[in-house]
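Dear colleague,

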Amino acid sequence: WSAMARGGVGLLVTEPQSIHPTSTPNPRTVENTIDRIIEPYRLVADAVHDAGARVFGHLWHAGFLGATGYRNLPLWAPSEVRAPMGVPLPAGGGAVAYAMTRDDVHTIVDCFAAAARRLKEATFDGVEVDAAQGFLLSEFLSPKVNGRTDEYGGSLENRCRVVVDVLAAVRQAIGPSLALGVRL
């Protein structure tokens, strides 16, 4: 990280960090689920800052593009849908996803906020929330995947609600001084 910063890169964005155990497809995935990550990430941030650059943490949940076999946990999705097969990711392998409850949705919002708080405590400069590429938050946005009939499904406004809730919770967790971006 510091070598890239010394080489002239001004902003480094981490690899996606899983915010919940149901989003961790393999043991190589960085999990931002416990406070133990703060100190190692503070070392990363210090090295990047010392080399003159900035660093953002990339937060995500894989949704039904996760891998059921790693932790033997269900694939989480807005609705009970079959996960795709044959893409470069583990992609669920055709498993039927577990339809998240309202409580599960609230848990994911809280997990994004907690992961963002850890990045702030590690002195990162910003947070990027992933709502793209078929992962969980973009699954909520898609009428093809999101068949919910509650406040998180149906109309475009309702399908956007979880992304808006996540961004509001992350903003509250990191305060006004850190940058907040969303990948759509």
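The model is predicted, so local features need pLDDT of at least 70 and side-chain atom pairs count only at pLDDT 80 or more, while totals for chains, interfaces and linings use all residues. Residues are numbered from 1 along each chain as its sequence is written, and side-chain values use heavy atoms, with hydrogens and water left out.

Salt bridges

A search of the whole structure returns 10 salt bridges (a side-chain nitrogen of Lys or Arg within 4 Å of a carboxyl oxygen of Asp or Glu). In general, side chains of opposite charge can pair when their charged atoms come close.

One of these bridges joins Asp 35 and Arg 117, at 2.8 Å from N to O. The pair links distant parts of the chain, 82 residues apart: Asp 35 is in the loop between β2 (30-31) and α2 (38-50), and Arg 117 is in helix α4 (residues 102-121). Helices (H or I, at least four residues) and strands (E, at least two) are DSSP runs, numbered from the N terminus. Asp 35 is partly exposed at 43% relative accessibility, and Arg 117 is partly exposed at 26%. Here, partly exposed falls between buried (under 20% relative accessible area) and exposed (over 50%), with a 1.4 Å probe and protein chains only.

Within helix α2, Glu 39 and Arg 42 are 3 residues apart and therefore separated by about one helical turn. Their salt bridge has its closest N and O atoms 2.7 Å apart. Glu 39 has a relative accessible area of 45%, and that of Arg 42 is 27%.

A further salt bridge pairs Asp 125 with Arg 54, at 3.9 Å from N to O. Asp 125 lies in the loop between α4 and β6 (126-130) and Arg 54 in strand β3 (residues 54-60), so this pair ties together parts that are 71 residues apart in sequence. Arg 54 is partly exposed, at 43%.

Through shared partners, salt bridges also join Asp 35, Arg 117, Arg 118 and Glu 121 into one network.

Surface patch

Trp 1, Met 4 and Val 9 make a nonpolar surface patch of about 250 Å². Patches consist of residues with over 30% relative accessible area and no salt bridge, with like charges joined within 9 Å and nonpolar side chains (Val, Leu, Ile, Met, Phe, Trp, Tyr) within 5 Å. Accessible areas come from the Shrake-Rupley method with a 1.4 Å probe, and for residues only the protein chains shown count as cover. Val 9 sits in the loop between α1 (2-6) and β1 (11-18) and is partly exposed, with a relative accessible area of 34%.

Yours sincerely
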